[in-house]
Amino acid sequence: MKPPASFLQRFASFAHSQGMNKLLLLSVLLGAGPATLAQSAAPAAPAPASTSQNAAITPAAALTRLAQARTLDPRWFVAAFASALPQVQGGFQGFVSQYGAFQGVDALGGDLYRLRYAGGTVTVSAQINAAGQFTSLFLQGQQATSAPTPSSQTTASVTTPQAALTRLFSASAPSADWFSAEFLQQVPVSQLAPILAQASGNLGTFQSVAPRPDGTFTLKFTQGELPVKTVSLDAQGRFTSLLLGAGVPNQKPSLADALTAFKALPGQTSLAVIENGKLVGSLDPDRKLAVGSAFKLGILTELLAQMKAGRHQWSEVTSLQSGDKALPSGFLQTWPDNAPLTLQTLATLMISQSDNTAANVLLRLVGREGVGQRLGLNVVPSTRELFALKNLANKALLDAYLGGNDEQKKAVLLQAAAAPLPPASLFAAGAVVAPQVEWFVGVQTLCGLMNEVAALPLMQVNPGVADPSAFKAVSFKGGSEGGVLNLTTQVITQDGRTVCLSATSNDSKALDQNRFIAAYNQLLQAVR
């Protein structure tokens, strides 16, 4: 479970699904205007009702149609894009404002494409389905190639992404002048220095920026490298988006050093590193802490078991009910009641985007008893019920739940299912709200569940903190809310070892998520 997140968090792939990572994600998706491109990492979920299909076209043709359109047609996109269409249209209008008339599209290989304008280029990654609908659309970078067009009315010099990155990482402190106003609304300049320091903290001194064939960049340091997955600038050379990958040190850290970093964290911490079924590193591994959305591994494991028993199949269609709808993360709460959804779609959204409503549909389908047995819980609230119990207006229900035995708790949950949800503002700024109401699960249990489902392709849609290129396979699920953070990853290393890393942190105040994620990244480096 994750409290309602910003537009930035909802539509960027990792933060969208976990809402936790300014260390790895400094991407600003503007509400509307120049250098804007909405992102949706959702799988190609079916629309809630049958839609008119577009004739099958190539991604380049779909991008050309998009760039030339005065008004976007919703039928050009899968349903997951519905709430983002105004941002998509604003983004493409902004490109014309910055760079002048659209000229064409160049295929760069894979799913990368370059949109050419009279005064600049925009690089995107795009995928479409068989009906020609966009299933993903990400801004990868943009650059002016000539003087700004008259419509932009600016005389400021335009720097290249490579030069902007060199300036940023060579400076003793970042300047607000190097970032667009919209970027700074999401990440204030006061937060940038510690975020960038943690991103490169164990890599030594910055040396250079190396371009990559796919249009991205690698930052070279004396003791390692830091990948830049997305970077874009406005006409004034200011960052409008910046997405950093996980740093890779030249020298592999020891597991002992990585564990030491976790020991220094405030609050309560539990950690397990399990290699080929054997516990090789740990920190209080039997302690059951709150794990947020990582509990959804129990739902998926039970669903898979029931499928193996012949009770369900991935293509099975079920319907969304009003009582399933929770607060975000996810977007299914915005879909109409009775919308048909396959179990494949629901499971993929539940894991890759941590869709709380999708989790509730599946929990209702498979039943709580089996899920509870897998998690080691006698009572398993749905995400909707958990939000309702945290609603200050429902304090009587919360008190009854906390004071009741297992059967009484289950009775309270029936009432919570119909109780009003809290306002999103209740969870602002990582506020810790009713921390006694959560899913308390041990890290070894999570690794066991992960091992049962890790081979499913849907587990590899969102790799979390891990760099997929460093491993043969990466499967991930995490969870967070105020005072709660869990990351659970199973990797297959290049030499064939299967390693699960599950770490949980709980505190009575907002967590330093950047510090936790930096320590977790050390763990990943230690086992690669």
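User: How many of the residues in this protein count as buried?

Analyst: This is a predicted model. Of its 528 residues, 57% count as buried. The cut-off for that word is under 20% relative accessible area.

User: Why is Gln-306 called buried?

Analyst: Set the value against the cut-off. Buried means under 20% relative accessible area. Gln-306 has 3% relative accessibility, so Gln-306 counts as buried.

User: Where is Gln-306 found, and what is it in contact with?

Analyst: Gln-306 belongs to helix 9, which covers residues 296–308. Leaving aside neighbours within four places in sequence, its contacts are Arg-311, His-312 and Val-366. Contact here means heavy atoms within 4.5 Å.

User: What makes a set of residues a nonpolar core?

Analyst: The residues must be buried, come from a list that includes Leu and Phe, and be joined through side-chain atoms within 4.5 Å. The largest such core here has 89 residues. Leu-115, Phe-134, Leu-137 and Leu-300 have the most contacts inside this core.

User: How do you know that this core lies between domain 1 and domain 3?

Analyst: Look at which domains give residues to the core. Domain 1 (59–143) and domain 3 (255–527) both do, so the core lies between them.

User: Which residues does Phe-134 touch?

Analyst: Not counting residues up to four places away in sequence, Phe-134 touches several, including Leu-63, Trp-76, Phe-77, Phe-81 and Ile-128.

User: What makes strand 2 and strand 5 the edge strands?

Analyst: Four strands form an open sheet in the order 2-3-4-5, with antiparallel pairing. Strand 2 (102–109) and strand 5 (134–144) each pair on one side only. That makes them the edge strands. From one strand to the next, the twist averages 25°.

User: How do you know that strand 3 and strand 4 pair?

Analyst: Count the bridges. Two strands pair if there are at least two bridges between them. Six bridges join strand 3 (residues 112–117) to strand 4 (residues 120–128), so by the cut-off of at least two they pair. The two strands run antiparallel. Arg-116 stands opposite Thr-121 in strand 4.

User: Which strands does helix 4 lie across?

Analyst: Helix 4 (residues 85–99) lies across strand 3, strand 4 and strand 5. Helix 4 runs at about 20° to strand 5.

Conventions. Residues numbered from 1 in each chain as written. Predicted model: local features only at pLDDT ≥ 70, side-chain atom pairs only at ≥ 80, totals over all residues. Heavy atoms only, no water. Buried < 20%, exposed > 50% of the residue type's maximum accessible area, 1.4 Å probe, protein only. Domains from an automatic or database assignment. Axes fitted to C-alpha atoms, helices over the stretch in contact; angles between N-to-C directions.
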